[in-house]
Amino acid sequence: MKRQLFVLFSLLLAAALVLTACPGAQPAAPAQPAAPQQPAQPAAPAAANPKADAAAAKGLTELANAYKGMYKGTVVTMTGPFTDEDAVRFDNSVKEFEQETGIDIQYTGSKEFEASITVRVQAGDVPDIVDFPQPGLLGTFARQGKVIPAATLVPESWLKQNYLQSWLDMATMPGADGKPAMYGVWHRFNAKSLVWYPKDNFDAAGYKIPTTWDELLALQDEIVADGDTPWCIGIESGAATGWPATDWTEDLMLRTTSVENYDKWVAGELPFSSPEVKRAIETFAKIWNDDRMVYGGRAKIVTTFFGDAPTPMFEDPPKCWLHRQGNFITAFFPQGVQYGKDYGVFYLPPVDPAYGKPFLVAGDIMAAFRDRPEIRAVMQFFSTGEGIKGWLAAGGALGMQKDVDLAWYGSDLERDIAALVNQATAVRFDASDLMPGEVGAGSFWREMTSYFSGAVDLDTALAEIDKSWPR
Amino acid sequence: MTAQAVSRKKHGVSWGQVFVNVTLILLVLIWTIPTIGLLISSFRTRFDIQTSGWWTVFPHRDWVTVEEFQPGPEVDRDGVMNLAGAQGTFEEFRAGITLPDGRRVLWIGNKRIGRVAVQERQWVMNTNFTLENYQEVLGGKTFEVKQPDGSTITVQGSDFSSAFINSLIVTLPATVIPILIAAFAAYGFAWMKFPGRRLLFTMVVALLVVPLQIALVPILKDYVRLNLNGTFLGIWLAHTGFGLPLATYLLFNYISSLPRDILESAFIDGASHFTIFTRLILPLSVPALASFAIFQFLWVWNDYLVALIFIGASPDSQVLTQRIAEMVGSRGNDWHLLTAGAFVSMLLPLIVFFSLQRFFVRGLLAGSVKG
Amino acid sequence: MDEFTETTVQRHAPIEAREVKPRGPLDWMATNLGRILIALFVPIVTFLVLYWGFQFLRASQAPKGVIAIVAIVWGVGGVALLYVVANWLVEQLGDAWRSRLQPFVFVGPAIAILFWYLAFPTVRTFYLSLLDRNAQNFVGLANYQAVFTDRNMFIAFRNNVLLWIPFGALFTVVFGLLVAVLADRSRYERLAKSLIFMPMAISMVGAGVIWNMIYAVNPNIGMLNAIYTSLTGNQPVAWKAASEIAPWNNLFLIVVMIWLQTGFAMTIFSAAIKGIPTELMEAGRVDGANEVQIFFRIMLPYIRGTVITVTTTVIIFTLKIFDVVQVMTGGQFGTQVIATQFYRELFTNQNSGYGSAIAIVLLIAVLPVMVYNLKQFSEREAF
């Protein structure tokens, strides 16, 4: 008996030994390029450093000092929700900065970001800088007084100079004392008011890109008359099922009412059951609830994974012709499809010319939980176009900093999208990301899903959302 | 016992054997189908997984296009059309018109850029298999990153060996330590008298239901204070703490059901509790220890959240589950890699199960019946 | 019965004989002058060794394989060593103190860890449940009032108590027992058990991928709909999401849980069945009982304790069920359960007061199971 027990333990140990003996077990390949880089040259005299001078001219003292090599050997830890390819691109985009300043930026991304950052902030184990994909979550920590106000880290005058006011407004939230202040620096964004289409087939069929809502409706009817379904729509996304429906709602809100009403709606002053919100939803629900308009019919909308939704567009010939989604959706397109040939993109047309050409966006905001000179330098770096330049070249991000040059974009697609955003008359952030979690990441998704799955009618769904708003 | 009784018994056994095996095979089959589906999917490309069922890799009857042509502009798409020997409207052709010889004529696409296919029912197999999913999971992804100056550099994502070792370092002690502690406690609850015994046992059962998420913040706080954060000891203890209620409860069930007279006679012979425990109870509890070892091993091996909180997600300390979760991409765009990832990560638990299965043996208690 | 007792004594006599020798040196030491010195010295050395190991592990730049082995030996060996040393210390004391303290050597470490890792956090959670969403102001029982009036929580309770426990727990236990009993009589025992066990080894995300494929609406991908549409000719059904079959769409998630957890029940039942003395069953057969009677009259009573344990454990699993729901539907389409609501409040909604209250309610929900177990426990006699 004792022998068997012994065998049990030695078995486990033996497994470990065998694995250790594997060549793969040697710590030879730490593949992430995160190793601290020594600066290429010793700290040069301050005078001969153009980057330091440029930063100093903008009033970015710590950034200038960093370029002079004053923070060499320091470490700034970061965390955020992006991993995998995006993490590689981020590492790549700060590589040059790390080499020139000697500051080591250690980024670790994680899935389950919400849970892990909540636990770590509350337990006092938070990294220096955190990348938040939603200002809402940041707002919670700002209210608890855990976040350093952005103006302490980056001169406010520079922020005002380098960002549109609407971005600064979106970074402003109440702190522990209840007074509103900016609590983060915007780093990158993605554009949402976009419609994707299978370009070569679209052209071959002789369809025209619509520039007004009526033209869009006419195009739909044309496609239906030709025997196809115009739209590919899918809103399934596991725990987040329903969010694409909230994006449509926001896009139509911006197109059927004023931005002032949109802002009121975000703030909870304009209820969901108001005629404005209802009209916005009904405008696109006319499309969604029509089995002739949606590939697979209305029933499939709530059960199609949002990433799989555009796939039928790339079959030959296409099974659907239009797909409204943010620019990240290209990551889900079948391998090998090319922009300009297999697919194209246009701006979701305005409904009422009175409301101009608004653009719906979402983005990542950097917030600091500690205040050290090198952290200031990194935050100041992120507030400049230089801070996003490497990522723009690699693709997968758009920069909202005013000193971003369109030529920096590594792909035609993103350059074209950035140009579309530049033409916008107003930019508004994804409302569901700004609303309290109960609504923006809860009842709004849930009730839209219930409505489009046919479980409840629109009035009931909207009333439920209003009820869940925390007062 | 008469000969009649013996023959009846034999008869019953053979029929029983058939019944046992048939039921078992049926159950096993139902249980295995999803796993087989996952296994097959892990060898298919993302596009194939999205567009056709995994069972199409088996021979089945399906329509196969034998002839295809582009209908000319002279064909009136809004009226009745004559195509490939069939006659009908656009809608009828889209649904497929069956010819007298069993073939069907199908319009693919819309009126503007459609084409007409003549199809035949044939036996087909979808055998477009790939090893790419496994290559990416085992060897790491390759990223091509374009630089501001227009050049492209290639970054090789970390392969899975380091995550595998990390998982092992975390899992082995996090399996053995709670079993050891729980076995002592289970023996204490089962066979020792001490004040507060009932109350403490109630607590063990009650704590079974506590969701571990509530413990993350206070424990991490303590770890930061004790400088235990990010250490292996920290995560072993965490898994020990979270696994202990169930371990104690299950082992208590087993150890308390051991025949009382075995212990009694050992006491009469002058053995101490410690001796009885190490020399008698532990060896007799091998099946229970082994079965709990399997579960604890699995839970820790497949854990994501506890590892994320207590040892972080940096590339050189991350465990296998984190590695695989990361592979699906920032937006879950590479979810098809989970199929291969699931099999890679399930290999070791299965080996553990197979090797520990031999401890589920009959007859450890042979010769001693509850009396 | 006499016969059995006799065998027992015979079987274990050698153990006792071996035991006498190691006690010799201890006794000798106990009478020696160095006794006190050693009693101090041993724990100090133990502590130093363990501490040194910890420091080595933290600071070491050694290859990962070396660290792995040192870590495993240090961790597992360290714990074993602590028990041996603690027990040794207690055994140095007089009989009265020894019998008083020894139980705590056995259960003490477990209790200490349970307090640290679960009991104190539970108390803290209770405290938080009386505060508001930012844990700043005292709000009394308002969160509990909210828990019991929230429509979503009502659905979650219904799903947990009326669907998951009756269907999920029942079928898991029944299938687990069935497979364990059948496999025990089959030549293919190992294979069958391994295949039933396999789902347990699949990570939840992997299981989510395959079950989402099985339930997919598109009959080209979804196996269930492929079968359903070809058999009935009906339109495909959104099994997880369809509002027309609510609340029975929960059953499709419960199937996933049964598929995953039957291996758990089977393994424990199997171990218990192996412990049934063959003599007992042979005796039953000789008396002319058929296999069904043997199962109900001999096996089931014999493994009664195990049945209670497994049922308790599986009921608690189903009460705590989280990952299946989170991965399959995220708690949408009326499939939310207590644990997904808890997770959502705590992390997504950042409402620590409300989330904590849900966790405490979960604890109260398990009271009946606890009381039953305690009754079983009280009937025990110890030494």
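Modeller: Happy to! Keep in mind that this is a predicted model. Let's begin with chain A, which is divided into domain 1 (48-190 + 362-417) and domain 2 (194-361 + 430-468).

Colleague: How many residues does each domain of chain A bring to the contact?

Modeller: Domain 1 of chain A brings 13 residues and domain 2 of chain A brings 12 residues. The C-alpha centres of these two domains lie 30 Å apart.

Colleague: And how do I put a size on an interface like that?

Modeller: The size of an interface is often given as the accessible area lost when the parts come together. Between domain 1 and domain 2 of chain A, about 1100 Å² is buried, with carbon and sulfur atoms giving 70% of that area.

Colleague: Which elements give two or more residues to the domain 1 side?

Modeller: On domain 1 of chain A, they are helix H6 (135-143), strand S6 (185-191) and helix H17 (412-422). H17(A) gives the most, with 4 residues. Sorted by class, this side has 8 nonpolar, 3 polar and 2 charged residues.

Colleague: Now the chain-to-chain interface. What area do chain B and chain A bury between them?

Modeller: About 5700 Å², and 64% of it is on carbon and sulfur atoms. Three residues, B:Arg112, B:Ile113 and B:Arg331, supply 13% of the area that chain B buries against chain A, more than any other three residues. The contact takes 64 residues from chain B and 68 residues from chain A.

Colleague: How many salt bridges does the rule find across the interface of chain B and chain A?

Modeller: It finds 5. One to look at joins the side chains of A:Asp316 and B:Arg115, at 3.7 Å from N to O. On the chain B side, helix H5 (residues 161-191) gives the most, with 6 residues. That side divides into 36 nonpolar, 16 polar and 12 charged residues.

Colleague: Last topic: how do I read a sheet?

Modeller: Strands of a sheet pair through backbone hydrogen bonds, either parallel or antiparallel. In chain B, 4 strands form an open sheet with antiparallel pairing, in the order S1-S6-S5-S4.

Colleague: Why is one side of S1 and of S4 left without a neighbour in that sheet?

Modeller: Strand S1 (60-69) and strand S4 (97-98) of chain B stand at the edges and each has a single partner strand, so one side of each has no neighbour in the sheet. S4(B) pairs with strand S5 (residues 104-108) of chain B over 2 bridges, in the antiparallel sense. To see this pairing on screen, find B:Ile97, which stands opposite B:Val105 in S5(B).

Definitions and conventions:
Residues are numbered from 1 along each chain as its sequence is written. Chains are lettered from A and ligands numbered from 1 in the order in which they are written. This is a predicted model: local features need pLDDT of at least 70, side-chain atom pairs count only at pLDDT 80 or more; totals for chains, interfaces and linings use all residues. Side-chain values use heavy atoms; hydrogens and water are left out. Two strands pair if DSSP finds at least two bridges between them. Domain bounds come from an automatic or database domain assignment. Contact means heavy atoms within 4.5 Å. Buried area is the accessible area (1.4 Å probe) that two parts lose on being put together, summed over both. Ala, Val, Leu, Ile, Met, Phe, Trp, Tyr, Cys and Pro count as nonpolar, Asp, Glu, Lys and Arg as charged, and the others, Gly among them, as polar. A salt bridge is a side-chain nitrogen of Lys or Arg within 4 Å of a carboxyl oxygen of Asp or Glu.
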